[in-house]
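Work through the exercises below with the sequence and the model open. Each task is followed by its solution.

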Amino acid sequence: HHKAIKNVFRRSNRSSQPNWFKSFLLRDFNTDERRKGIEQLIDKYSQQFNGVHIIFIDGIADIIDDTNDQAQSNDVVRFFERIAIKYNCPVITIIHLNPGSTEKSRGHLGSQLERKCESVVSISKDKDSEVSTIEGKLLRNAGAIPQLQFKYDIEKGYHVACGVRMKPSKAEAQEKELREYAEAIFQDGIVKLTYTELVNQLIIALSVSDRTAKSKISLMKEVNIIEHEGDKLSKLVLVKK
C-alpha cells in the first residue's frame, strides 16, 4: 500500500502527501468492518474538508464475500450509490473480468455494477508489447473517448503514456470478435472439431440459431481464423496468429 501511494505521488511530481489526500489499507478487516470503516472515514473527512472530491475503491469485490451472491452484490452497489448521492461525489471502483473473458466483469457483482454505474472504462493489456489500453465501454451522458495507451517504465518506476490506439475498422472489429469466439471454443484441449460440432458449440456459446452459427463459421474461414486440416472432409482447426 505504501509503495502504491508513493508511485501516485511520483506520477504527480509530489514529494509528500498533501493533507487533503487520504488513503487507507483495509485488508486486515472483514467485509462488514471494511464497509463500516469506509463510511466512517468518508463522514469524518467530509466534515474536516467541507466535502469529498472523489472516492476510489481499489477492489469492490473485496467488500463482499461472494461476487456471485445476488443479495450481497446488489446491497454493496446500493451502498456506494448512497455514498455518491449523500456526498455528491463520484465513486470509482475497480473489478476484474471473469477469467478468460475480455468483456464480462466478475460475477453478479460485475453485472449489477454495469447496470447501475455511470460509465464503464476497461483496461486491457497486450501480452506481447506490454502496452495497456484504456477504452470506454458504457459512457452514459458522455461522448466517445480516445483509447489511451500506457506502459510501465522501469527507470521511472511507474506507468507512462505511450500514444493513442486508433479505433479498428468495422471489418477489423468483426474479425477480432470472431477470433475471440473461436479461441474460446477451441481452448481447453480441443484441437479439432467437425463442422457439425463447431456449429453446435456456437449455438450453445452464443445462444444463436443454426443459420447464424453457420454464417459465423463461413466468416471465420474467409478471414483465415479456422481452416480444414487436409481435405474438405477433415476436421476444422484454429489458425494460430
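**Exercise 1.** In which strand does F56 lie, and is F56 buried or exposed?

Solution. F56 lies in strand β1, residues 55-57; strands are DSSP runs of E with at least two residues, numbered from the N terminus. The model is predicted: local features need pLDDT of at least 70, side-chain atom pairs count only at pLDDT 80 or more, and totals for chains, interfaces and linings use all residues. Residues are numbered from 1 along each chain as its sequence is written, and side-chain values use heavy atoms, with hydrogens and water left out. The relative accessible area of F56 is 56%, and exposed means over 50% (1.4 Å probe, protein chains only). F56 is therefore exposed.

**Exercise 2.** Find the order of the strands in the open sheet, and the strands at its edges.

Solution. The order is β3-β4-β5-β6, with antiparallel pairing; two strands pair if DSSP finds at least two bridges between them. β3 (119-125) and β6 (158-165) each have a single partner strand, so one side of each is left without a neighbour in the sheet. These two stand at the edges.

**Exercise 3.** Over how many bridges does β5 pair with β4, and over how many with β6?

Solution. Begin with β4 (residues 132-139) and β5 (residues 147-153): the pairing is antiparallel, over three bridges. Here S132 stands opposite F150 in β5. Then take β5 and β6, antiparallel over seven bridges. D153 stands opposite Y158 in β6. The two strands form a hairpin with four residues between them, and G157 in the turn has a positive phi of about 85°.

Terms used: Buried < 20%, exposed > 50% of the residue type's maximum accessible area, 1.4 Å probe, protein only.
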